Amino acid sequence: MKLRALLAAALMPLIACCSAVPCGAEDAVVPAKDSVAVERISFNAPGFIRGMDVSSVISLENAGVTFKTEAGEEQDIFRILSDSGVNYIRVRIWNDPYDSSGNGYGGGNSDLAAAKIIGKRAADNQMRLLVDFHYSDFWADPGKQAAPKAWTGLTLAQKEQALYDYTLDSLNELKSAGADIGMVQIGNETTAGIAGEFSESGRARLFSAGARAVRAFDGGVLVALHFTNPENTAAIKWQADFLDRYGVDYDVFATSYYPSWHGSLENLTAVLSYAAEKYGKYAMVAETSYPCTLEDTDGHGNTVSQWNNSTGENMRWVFTPQGQADEVRAVMNAVNEVSGGKGLGVFYWEGAWVTVGDVTGKSGAEYTAQWQQNSELWERYGCGWASSFSAEYEPDDAGRYYGGSAVDNQVFFDAQGRALPSLRVFKNVLTGSVTADVLLGDVDGNGTVDIKDATEIRRFAAEYAVLSPESLLAADVDRSGAVTIEDATVIQRYLAEFSVEQPINRLI
Ligand code: CA
């Protein structure tokens, strides 16, 4: 073990690696200087998942969207996410999201082909993949669990086999494409049904068929089941009991958590702890999100706006990048507090579903022209939540209300695709961030750099002292990302007026 790792161990619980969770970067002890304040979380689970779903991103890129760093440099979004601390990518898969003429239903036209590209690019940027099978040709959620077209008319036994084969074949294809699969969801928001089956035994048998396929694919991959409405405490606990009663084999009990609908964070921790304590399962939030603004940028109304879902006791954070980061940090903390260190992680839902054309500030004919251009892109590339072509499969909802992104105000990018400072919450939760200016070298914060600062670093290195986030940032004078006795030496050289590599005694 390197010295740096030993020092890290003094501040954090020892982090061990396991097959299902990512490693690396966990030993950084120096907080980031940042414009968004983030308080550090002391994570209980090794490699706590700080994940994001970006299932629509390929369709957005096809429509011409580019992503940029906060500094404005165009870059692969997967690199931007990884550099910002995201360590896991979630991708949904629909069996066949196309109409009889081959037109995409929209919602990213999220088929296996798109998932393969996403999985490969995630792996190329050191992020693992959660595969979210909907077992439907379009959106599956608490109110919709339609079977894929190809499974129409199958008996339950035939559907079990079809689901098993589809799962195993798809996972093998994803792996061949280069994805690093760590977890698989058997269905999406399967609170009431899955793949057109709504009976208890039907659901249990399809969950089990999916789990068998994942086990056959790779025994080290986690099996997750995903429910909703944690605020309905009795109902979500019933799901855990029901899975046990039917002997369903799985590892991770997951729920969605949207603050406007899903109750308090204390209750979230409690219901996830129920599955952890009673059945020994890992627990996870598979979807959450929060607005960084109430404005719309694409001309399609948003799920949370000043007219919708923007009030209530659990919409407690301001609608700014700071509030968005606060929500992410708070949900991570709630999952981290699940009993027995069983809280595995949190995935943010569609954190990059940006506008394909900015309508901000436009009105009248100018607005209409931009909306029409956006609408053509949604139809052609499937980059809106639904296209008109979905009507063949889902005439009453998507086929009627199709359009653009309903979450472009809950993303981590502005309307030009440039990263917001809130994105770094995924990294900064490891260390905390410091928002005030800090005098580099002034470890004790008395306004000058003197020998006491070098002494304080030596005491810290010898584990006699604990430093505040501001002091840690000030102490890392060689800007190596860790505080070591080398930093004390740099200060002593500076005080003796020897040359030092990095200018110290300056504000950062
Ligand atoms: Ca919108």
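Which residues do ring pairs link into a cluster?

Modeller: This is a predicted model. In it, ring pairs link W94, Y105, F138, W139, W349, W353 and Y393 into a cluster.

Aromatic pairs can be followed through the whole structure, where a search finds 26 of them. One of these joins Y290 and W317, with 5.3 Å from centre to centre and 85° between the planes. The cut-off for edge-to-face is over 60 degrees, and the Y290 and W317 pair is edge-to-face. Both Y290 and W317 lie in the loop between β8 and α9, so the pair ties together parts that are 27 residues apart in sequence. Y290 is buried, with a relative accessible area of 0%. W317 also counts as buried, at 12% relative accessibility.

The loop between β8 and α9 also holds D298, one of the residues that coordinate the calcium ion. The donors are D296 (OD), D298 (OD), H300 (O), N302 (OD1), S405 (O) and D408 (OD), at 2.1 to 2.4 Å. The six donor atoms subtend angles of 79 to 177° around the calcium ion, which makes the arrangement octahedral. D298 and D408 are buried.

Charged side chains also pair with each other, and the structure holds 25 salt bridges. The side chains of R92 and E350 meet in one of them, at 2.9 Å from N to O. R92 is in strand β3 and E350 in the loop between β9 and α10, 258 residues apart. R92 is buried at a relative accessible area of 1%, and E350 is buried at 0%.

The salt bridge of D83 and R79 has its closest N and O atoms 3.1 Å apart. D83 and R79 are four residues apart in helix α3, so about one helical turn separates them. D83 is partly exposed, with a relative accessible area of 38%, and R79 counts as partly exposed at 39% relative accessibility. Elsewhere, a network of salt bridges links D53, R90, D132 and E287.

Technical notes: Residues are numbered from 1 along each chain as its sequence is written. This is a predicted model: local features need pLDDT of at least 70, side-chain atom pairs count only at pLDDT 80 or more; totals for chains, interfaces and linings use all residues. Side-chain values use heavy atoms; hydrogens and water are left out. Donors are N, O and S atoms within 2.8 Å of the metal (3.2 Å for Na, K and Ca); water is not among the atoms, so sites may look incomplete. Four donors count as tetrahedral if all angles lie between 85 and 135 degrees; four count as square planar and six as octahedral if opposite donors are over 155 degrees apart and all others between 65 and 115; anything else is irregular. Helices (H or I, at least four residues) and strands (E, at least two) are DSSP runs, numbered from the N terminus. Buried means under 20% relative accessible area, exposed over 50%, partly exposed in between (1.4 Å probe, protein chains only). Rings of Phe, Tyr and Trp (its six-membered ring) pair if their centres lie within 6.5 Å; planes under 30 degrees apart count as stacked, over 60 as edge-to-face and the rest as tilted. A salt bridge is a side-chain nitrogen of Lys or Arg within 4 Å of a carboxyl oxygen of Asp or Glu.
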